Every structure is written in C-alpha cells, then in structure tokens.
Amino acid sequence: MTDYEAAILDVDGTIVRGEELLPNVTDGLHALEDAGIDRLLFSNNPTRGSDHYGETLEPYGIEVDPNAVLTSATVSAEYLATTHPNERVYLVGSDRLVTILEDAAVEVTDDPDAAEVVLGSFDKEFSYGTLWESLRALEGDVPFYGTDPDATIPIDGGLIPGSGAIIAAMEAVADREADSILGKPSSIAAATAMNRLESDPERTLVVGDRLNTDIALGERAGMTTVLVRTGVTEQADLEAAAVQPDHVLESLAEIETLL
Ligand SMILES: [Mg+2]
C-alpha cells in the first residue's frame, strides 16, 4: 500500500517537451493509476486552458479529465471571478487568456483608465505602449496580480521571455510589487489544487522539474516533493538551491519506486 492518495504533476519538462511526450512517462502515469493515486496536471503556462493537455495525451492512451487540469490561466480566472466579481480587469496577456478569463465570467477591458484590477502575464505583443498603458492602469490602489513568475520559458534552441519578465517591468513603472502571483508556487495555487484533489497535503506528491515553482509549492504546502531531471534543473542548480526536493528522479517514468 502506498502512503499517497494524490499527485500534482507539472506538465512541461515533466510529462511533455513541446508537444512531444517525454520517453516512457506513460509508465509513470500508469503506475500512479494502478496505485489508486488521483492525478492533477498543473502547468504554469498562462496560455493554456483545462482542455489543452487531454488533446496532447489522449493519442498516447492517457485519458485526462479537464477537471483534473489546472494552469496559471485557469487558477487566475477562478481567483479573479471569486475575489473580484463584476470588476473590470485590465490584462497584459495573450488572446487565449482573454478567452479563458471571459469563460469564467471575468470582464476584461483594454481601457487602462477603466481598470479595477490589473493582471500581468505572457504577451508576445508587449511594447513600450503596453507599459505606458500599464502605468496608467496601475495608478491608485488598484489590485495587481500576475499569472505566473516564470521569467523565461525554455523552447527548442533556447529561452524566450515569460510572464515574470513582463510583470517585473510593470512593477518597475508602477513602483510597487504585484499583490500576488497566482500560479505555482503561490498559496492560492496550492489551495486551488488541494480543493480539486480533496486530499491531505501529507498524502500528496508534487512532481516537477522546477525548484522555484513545483518544488517550492509542495514544500510550503507540506507535500512530498519530487524533482525530475527531464526539464530545466541541472545538477549545479540543485546543489546551489535553497529549496531542496524530498526525492530526485531521472524521470516521472520511475515514480513507481516511491509508491
Ligand atoms: Mg515544468
């Protein structure tokens, strides 16, 4: 019998790289299933909805219930809909995120002077003009959030700027910090995940490739943390890090050794 009843699994660098499944991770996903462990996929990608990963994984025979998928976009949408109902959100982010917010009944405005809440995220169109509008939107005591802290995103052949870099620029012009970054590793993200799973943190595994998001979330919430070496974390990063995982695996494929 395993000690665990639930597992929070990161997606990029843990299950997939780009749109490709990492080698043998289906073994790990099936091992969790066979042990009766509920699975929740949790990605910090703010341009994905709950429906995205099912389409990626179903061709490999892995069924994904959209209710068991969180992203920093869906967590942000759920949080804003609950804590700021009927307030207009000025968003610096992708068109996909606009749709995810609106699907959750969050009103999005592109008029900075109408902003009642500001949300910073990943925006490929980000410009001097966007930053200027952000400055106007953030005047006064407007609540200010970010979707996720990732300053860079690994892609084939290097890194591109992520939400964290854009949120930092917005913080700089407004001369204030965001009130909260809603994706991993925030306490809001952990609470949203635990709500979905209905399990105790002590009986929950969190598996991911990033120390400052996946492992930090699990450590703060009192979960058992597992770093996989299939993503962004190199041995030198691990040795230098303040946050240390409970276990290190070469891949999610080996998760059965911990069950
Ligand atoms: Mg990852």
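User: Domain bounds here come from an automatic or database domain assignment. How is the chain divided?

Analyst: This is a predicted model. The chain splits into domain 1 (6-44 + 184-258) and domain 2 (79-181).

User: How far apart do the C-alpha centres of domain 1 and domain 2 lie?

Analyst: Those centres are 26 Å apart. Eight residues from domain 1 and eight residues from domain 2 make the contact.

User: Is Asp10 buried or exposed?

Analyst: Buried, because its relative accessible area is 7%, and the cut-off for buried is under 20%.

User: And where does Asp12 fall, with its relative accessible area?

Analyst: Asp12 is partly exposed, at 31%. Asp12 also turns up at the largest pocket, among the residues nearest its centre.

User: What else lies nearest the centre of that pocket?

Analyst: Asn45, Ile153, Pro154 and Ile155 do. The whole lining has 35 residues. The space inside is about 870 Å³.

User: Which elements supply at least two residues of the lining?

Analyst: β2 (16-17), α2 (52-57), β10 (152-155) and α8 (211-221).

User: Let's stay on α8. Which of its residues are buried?

Analyst: Leu211, Thr213, Asp214, Ile215, Ala216, Leu217 and Gly218.

User: Which strand does Thr225 lie in, and what does it touch?

Analyst: Thr225 is in β14. Leaving out residues up to four places away in sequence, Thr225 touches Val206, Ile215, Gly218, Glu219, Gln244, Pro245, Asp246 and His247. Ile215 and Gly218 are among the buried residues of α8. Thr225 itself counts as buried because its relative accessible area is 2%, under the 20% limit.

User: New topic: the largest nonpolar core. Which of its residues touch the most other members?

Analyst: Ile8, Leu40, Phe42, Leu80, Leu101 and Leu119, out of 29 residues. Elements giving two or more residues include β1 (6-9), β4 (38-43), α3 (72-83) and β8 (117-120). α7 gives the most, with six residues.

User: How many residues does the core draw from domain 1 and domain 2?

Analyst: At least three from each.

User: What does Phe42 touch?

Analyst: Not counting residues up to four places away in sequence, its contacts include Ile8, Leu9, Asp10, Val11, Leu70, Val75, Ala189 and Ala193.

User: Last one. Where is Gly93 placed?

Analyst: In the loop between β6 and α4. Gly93 is buried because its relative accessible area, 16%, is under 20%. Beyond residues up to four places away in sequence, Gly93 touches Ser121, Phe122 and Asp123.

User: What separates the C-alpha atoms of Gly93 and Gly222?

Analyst: A distance of 32 Å, with the two glycines 129 residues apart along the chain.

How values were computed:
Residues numbered from 1 in each chain as written. Predicted model: local features only at pLDDT ≥ 70, side-chain atom pairs only at ≥ 80, totals over all residues. Heavy atoms only, no water. Buried < 20%, exposed > 50% of the residue type's maximum accessible area, 1.4 Å probe, protein only. Core = buried A, V, L, I, M, F, W, Y, C linked by side-chain atoms within 4.5 Å. Helix = DSSP H or I, 4+ residues; strand = E, 2+ residues; numbered from the N terminus. Contact = heavy atoms within 4.5 Å. 1 Å grid on protein atoms, 1.4 Å probe; cavity = no way out; pocket = protein on both sides within 12 Å on 5 of 7 lines; lining within 4 Å. Points joined across faces, edges and corners; volume = space filled by probe spheres on them.
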